[in-house]
Amino acid sequence: MKAFAMLKIGEAGWIEKERPVCGPQDAICKPLAVAICTSDIHTVYEGGVGERFNMVLGHECCAEVVEVGELVKDFKPGDKVLVPAITPDWNSLEAQAGYSMHSNGMLAGWKFSNHKDGVFGEYFHVNDPDGNLALLPEGMSYEDACMLSDMVPTGFHAVEQADVQFGDTVLVIGIGPVGLMAVAGANLRGASRIIVVGTRSVCVEAAKGYGATDFISYKDGSISEQVMKLTDGKGVDRVCIAGGTVATFEEAVKALKPGGKIGNVNYLGKGEFITIPRVEWGAGMGHKVISGGLMPGGRLRMEKLGALIASGKLDVSPLSTHVFHGWEHIPEGLEMMRNKADNLIKPVIILD
Ligand code: NDP
Ligand code: ZN
C-alpha cells in the first residue's frame, strides 16, 4: 500500500509498505478523510517523540472498516467510524486506574504515528475496535468527524484538567484548533470570562464565536502582566495551556489565583526543563495545581463528543479552514501546518 511517512527526523515523504495484518481483536480501516496536526510537525521536524524511520504519519481521520478479527463484536466491514487519536489498551492496569492514555507505559495509548504506523496510509490498524472506534453519527461531515479524533477531545481535556467551574475566569493560552476547543469547552462548562492568548486573525475571530471575552497577545509582553491588568491584580481561576513553550508555565503560574488549576495539553517538543516561579507558587504553599495530560481516547469519549456536535451544541465547522480532495494534498497540508498562515486553522483532506 502507499503511505505518507516520517522517513527520519526532519524528513517526510511517500513510501510503499505492507498492508497491516488484522489480529483476532483488531480492525483494519481505510481513511475517508484525514487532518494534519501540529503534533505531526513536532514529531517530524522537532523529533518530539524521538527518531523514527519510515513510520506512517497521522492520527486524525474518519474511516471505513474493511476487516475485523473474530473477537470483535460491534463493528463490521463497511461501517463508517470516528477514530480517536489515542487508542488505549482497555484491559491494562493503567486504564483501570483511570489513565487509559498511559496504558502499558507513559503515553503508550498514543499508538498512531508514535508506537506504530499512523493513518496516512491506504489502510491502518486499530487495536481493540470495540473499545476505541465509534460509529460516524448520521449526517456528520467528514471534516467535522476528523475534528473529533484529536482537536475536540484534547481541547476539552485541558478544560477537564483545569477543572473549570461555573462562573470561573479562565485563561486559555494558545488559540490554534486545540485552544479553540478549550475555549468552547470552558464556555460549555459555564466560565463567566474567558481571556485568550493568540494572534492569528482567523483564530481570534473563531475564539470570539466560541465565547472568548478578552484578547491578549504574547507578542505584546508578559502574558501574566496583561492578565493582572485585566483582572485588577486578582488573576484567573483556571488556565488552559494549548500553545507556547516551556517558559509559558511560568506565566501561567503567575497569572493564576491561589487554589487555581492549570491544565496543559501543549506538546512540548523542545526544552529540557519547566521552571516554576517560587514566590508566585506561594513559596511552595500556594495550592496552585499544574497538570499536563495526553487526552484519554477511546469509544465512549468519541460517542459523547460526537453527540455534542450532532445535537448542535458544539459547531466544529469553523476549524476546517482548508479542505482538499485527494491523497496528493497530504504533503501540502503538512507544509501548511508547519508554516501556519494567518488564515489557517486546520487543513483537512478528503480521500475521494
Ligand atoms: P497551533 O500552533 O495552531 O496553536 C498554537 C497557539 O499558541 C496559537 O494561538 C499561537 O499563537 C500560540 N502561541 C504561539 N507561541 C506562543 C507563546 N510563546 N506564548 C503563548 N502562546 C503562543 O497549535 P494546535 O492548536 O494545533 O496545537 C496546540 C498544541 O497541542 C500543540 O503543541 C500540539 O502538538 C498539542 N497537542 C496535544 C495533544 C494532547 O493530547 N495533549 C493532542 C493534539 C495536539 P498565534 O496565533 O500567534 O499563532
Ligand atoms: Zn492531532
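Trainee: What do the side chains of Lys76 and Asp79 meet in?
Mentor: A salt bridge, with 2.9 Å from N to O. The term stands for a side-chain nitrogen of Lys or Arg within 4 Å of a carboxyl oxygen of Asp or Glu. Bear in mind that this is a predicted model, in which local features need pLDDT of at least 70, side-chain atom pairs count only at pLDDT 80 or more, and totals for chains, interfaces and linings use all residues. Residues are numbered from 1 along each chain as its sequence is written, chains are lettered from A and ligands numbered from 1 in the order in which they are written, and side-chain values use heavy atoms, with hydrogens and water left out.

Trainee: Is Asp79 buried or exposed?
Mentor: Asp79 is buried, at a relative accessible area of 10%. Lys76 counts as exposed, with 51% relative accessibility. The cut-offs are under 20% relative accessible area for buried, over 50% for exposed, and partly exposed in between, using a 1.4 Å probe and protein chains only.

Trainee: Why would such side chains pair at all?
Mentor: Opposite charges on side chains can pair when the charged atoms come close.

Trainee: How many salt bridges does the structure hold?
Mentor: 15. One of them links Glu303 and Arg299, at 2.9 Å from N to O. Those residues both lie in helix α10 (residues 299-310), 4 residues apart, or about one turn of the helix. Helices here are DSSP runs of H or I with at least four residues, strands are runs of E with at least two, and both are numbered from the N terminus. Glu303 is partly exposed, at 37% relative accessibility.

Trainee: What about Glu335 and Arg338?
Mentor: Their side chains also form a salt bridge, at 3.6 Å from N to O. They sit 3 residues apart in helix α11 (residues 330-339), so about one helical turn separates them. Glu335 counts as partly exposed at 33% relative accessibility, and Arg338 is partly exposed with a relative accessible area of 41%.

Trainee: Which residues do salt bridges with shared partners join into one network?
Mentor: Asp74, Arg299 and Glu303.

Trainee: Switching to the ligand. How many residues surround ligand 1?
Mentor: 26, the closest being Thr38, Thr199, Tyr218, Asn266 and Lys340. A residue is near a molecule or strand if one of its heavy atoms lies within 4 Å of it. By class, the shell has 11 nonpolar, 12 polar and 3 charged residues. In that scheme Ala, Val, Leu, Ile, Met, Phe, Trp, Tyr, Cys and Pro are nonpolar, Asp, Glu, Lys and Arg are charged, and the others, Gly among them, are polar.

Trainee: Which polar atoms lie by it?
Mentor: A polar side-chain atom of Lys340 is 2.7 Å from an oxygen atom of ligand 1. An N or O atom in the side chain of His42 is 3.0 Å from an oxygen atom of ligand 1. A polar backbone atom of Gly293 lies 3.4 Å from a nitrogen atom of ligand 1.

Trainee: How much of ligand 1 does the protein bury?
Mentor: 87% of the 940 Å² that ligand 1 exposes when taken alone. Those areas come from the Shrake-Rupley method with a 1.4 Å probe; for residues, only the protein chains shown count as cover.

Trainee: Which elements give two or more residues to the shell around ligand 1?
Mentor: α1 (38-45) and α6 (177-188). The most come from α1, with 3 residues.

Trainee: On to strands. What does β16 pair with?
Mentor: Strand β3 (residues 26-35) runs antiparallel to β16, with 3 bridges joining them. Strand β15 (residues 322-325) pairs with β16 in the parallel sense over 4 bridges. Two strands count as paired if DSSP finds at least two bridges between them. Ile350 in β16 is the bridge partner of Ala33, and His325 also stands opposite Ile350.

Trainee: And which way do the residues of β16 point?
Mentor: From β16 (residues 347-350), Pro347 and Ile349 point one way and Val348 and Ile350 the other, and all are buried.

Trainee: How many residues of β9 are buried?
Mentor: In strand β9 (residues 169-173), 5 of its 5 residues are buried. Thr169, Leu171 and Ile173 point one way, with Val170 and Val172 pointing the other. β9 pairs with strand β10 (residues 193-197) in the parallel sense over 5 bridges, and Val170 has Ile194 as its bridge partner in β10.

Key
Polar contact = N/O pair within 3.5 Å; in protein donor to acceptor, adjacent residues only side chain to side chain.
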